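Subject: Handover of a structure, with findings

Dear colleague,

Please find below the structure that I am passing on to you. My findings follow it, and I would be grateful if you read them with the structure open.

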Amino acid sequence: MAEIDLLSITCGSVSAPAGCGKTHLVASALQRHVDPKPILILTHTNAGVAALRARLTHMGVPQNAFRITTIDGWGMRLIGTFPQRSGHADGTLDLNNPRDDYPAIRRGTLNILAGDHLRDVLQATYARLFVDEYQDCIIEQHTMISKIAEVLPTCVLGDPMQAIFGWGTNVLVDWQVDVQARFPAAGELDIPWRWRNAGTEDFGRWLLAVRAALQSGQPIDLRQAPPEVDLISVTGDDDIQKQTQAANTRAPVDGGSVLIVCDAKRPPRHRDIAGRAHGAVVVENADLTDFIRFAETFDLRAPTAADELIDFAGSTMTGVGASQMKQRLQVLVAGRERTPPTDAEAAALEFTRSPCPKAAVSLLVEINRQAGVFPLRPALVRSAIVAFNGCVDADDFHAMAVRAREESRVKGRIMPRRAVGSTLLLKGLEADVAVVIDTDLLDARNLYVAMTRGSRKLVICTTNPIIVRQT
């Protein structure tokens with residue numbers, strides 16, 4: 001079919017299966033955009049903003065052709081500009097209570113949009129609106145976009161088979177009932193560009209057929225899959241030997257990348273799998289939950305601070321030997337050592353004698369430098385070092401940890417060659433190889449997301465070669 005022209009759509013939606021050229025479609029429209037007013041592009045996460053901006057820049061799209069931000073970020077800017085009309089409470093924009101603050105931001109944004117106060121401002125500021133990953137919108141965000149679409153020509157892009165972010169009280173849009181009723185279907189991408197570009201187009205075509213089967217609840221016989229698919233029969237979700245074998249799959253090209261997908265409901269499993277896969281690291285959530293939890297309780301002045309920092313290192317790096325290091329530290333503090341301390345032990349002793357942020361950084365750095373130590377969760381180690389370096393005194397650590405987390409959100413993630421995470425964390429990413437560890441635990445949408453991460457190879461661990469899922 002002919003390429004869809006996003007610039008000709010005044011109110012519509014484009015269905016975009018994984019790897020079928022959505023970013024190229026957006027970039028093509030932006031490259032042809034001649035209006036002096038930019039196109040507003042909205043998506044869901046700061047990491048997504050950073051990734052999309054980087055890809056558009058790499059594809060030669062002029063910076064003045066677009067403005068890109070998150071849906072909630074755009075709302076925050078709006079209610080910050082018109083606080084009286086939004087009606088939001090003081091402190092909402094500080095996001096100290098995200099569970100309540102984000103819904104308040106959306107309500108405030110709707111209060112402003114409902115009054116049509118922005119019609120002239122929007123028309124004078126933007127040429128049109130694109131919204132990416134629209135399947136991840138919740139109903140309140142859909143209502144916000146629908147109001148903007150009364151003013152600006154709008155096209156939304158997404159894939160209902162990748163709608164996996166609904167939880168708690170968040171109700172995701174239904175693609176047919178909500179999205180296409182408001183934004184009529186303007187086309188569907190159907191060329192598996194990710195796989196065509198990798199020389200594995202037949203594999204990509206098979207994945208499109210898998211998508212259709214998962215949508216309709218039809219069985220998928222993995223024994224009839226193309227040669228790029230490796231089926232690993234496991235006895236259950238605790239078949240450690242076979243899972244380790246799968247997690248250590250090598251990319252078919254030099255320097256290739258591997259994404260290893262585990263069940264989202266069992267984060268400790270991510271760390272366990274990463275610990276058994278050579279060179280693998282854990283992909284963290286944007287909230288850096290475990291790091292912030294550590295920062296909330298860590299006290300530099302506490303007599304247990306050294307032990308807690310060593311335990312933190314042990315939970316984020318392999319090969320630390322935290323228990324032995326803490327015992328050795330007790331010997332050093334008592335002056336009973338028979339052998340001189342290693343550099344890491346000397347740093348621990350210095351921290352114990354003078355527990356300051358600078359000494360904390362030195363301890364983490366020296367532990368990381370030890371032979372046999374590998375950063376399993378580098379994002380947490382990196383954020384801790386950034387936070388400690390930002391401290392003026394011992395009381396600053398939690399505040400600096402929150403600041404380090406926000407900086408991490410904006411910068412996006414640096415993906416290693418072998419990464420372990422859930423579909424929630426790996427969606428939108430691609431690699432040469434996808435390894436699906438917990439196939440039997442994933443529903444249709446999560447399974448589709450997992451299976452489409454790799455362009456050259458797919459490894460599936462399952463107890464049954466015939467997969468049936470109901471959407």
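In β6, which residue is the bridge partner of S13? The partner is A185. Before going further, please note that this is a predicted model, in which local features need pLDDT of at least 70 and side-chain atom pairs count only at pLDDT 80 or more, while totals for chains, interfaces and linings use all residues. Residues are numbered from 1 along each chain as its sequence is written, and side-chain values use heavy atoms, with hydrogens and water left out.

The sheet

Strand β1 (residues 11–15) pairs with β6 in the parallel sense, over three bridges. Two strands are said to pair if DSSP finds at least two bridges between them. Helices (H or I, at least four residues) and strands (E, at least two) are DSSP runs, numbered from the N terminus. Both β1 and β6 belong to an open, parallel sheet of six strands, ordered β3-β2-β4-β5-β1-β6. At its edges stand β3 (66–70) and β6 (185–188); each has a single partner strand, so one side of each is left without a neighbour in the sheet. From one strand to the next, the twist averages 20°.

Helix α3 (residues 71–81) packs on this sheet, touching β2 (39–43), β3 and β4 (128–131); contact means heavy atoms within 4.5 Å. The direction of α3 makes about 95° with that of β3. Helix α7 (residues 139–148) lies across β2, β4 and β5 (154–158), running at about 160° to β4. For these angles, axes are lines fitted to C-alpha atoms, for helices over the stretch in contact, and values run from 0 to 180 degrees between N-to-C directions.

The cores

A nonpolar core is a set of buried Ala, Val, Leu, Ile, Met, Phe, Trp, Tyr and Cys residues joined through side-chain atoms within 4.5 Å; buried means under 20% relative accessible area (1.4 Å probe, protein chains only). The largest such core has 43 residues, of which F291, F298, L309, F351, L363, F388 and F397 touch the most other members. Among the elements giving two or more residues to this core are α13 (289–297), α14 (305–316) and α19 (397–411). Leaving aside residues up to four places away in sequence, F298 touches A305, E308, L309, F351, F388 and F397. Another core, of 32 residues, lies apart from it and includes L207, V210, V283 and L425.

The whole chain

The protein chain contains 21 helices and 16 strands. Of its 471 residues, 51% count as buried.

With kind regards

Methods:
Buried means under 20% relative accessible area, exposed over 50%, partly exposed in between (1.4 Å probe, protein chains only).
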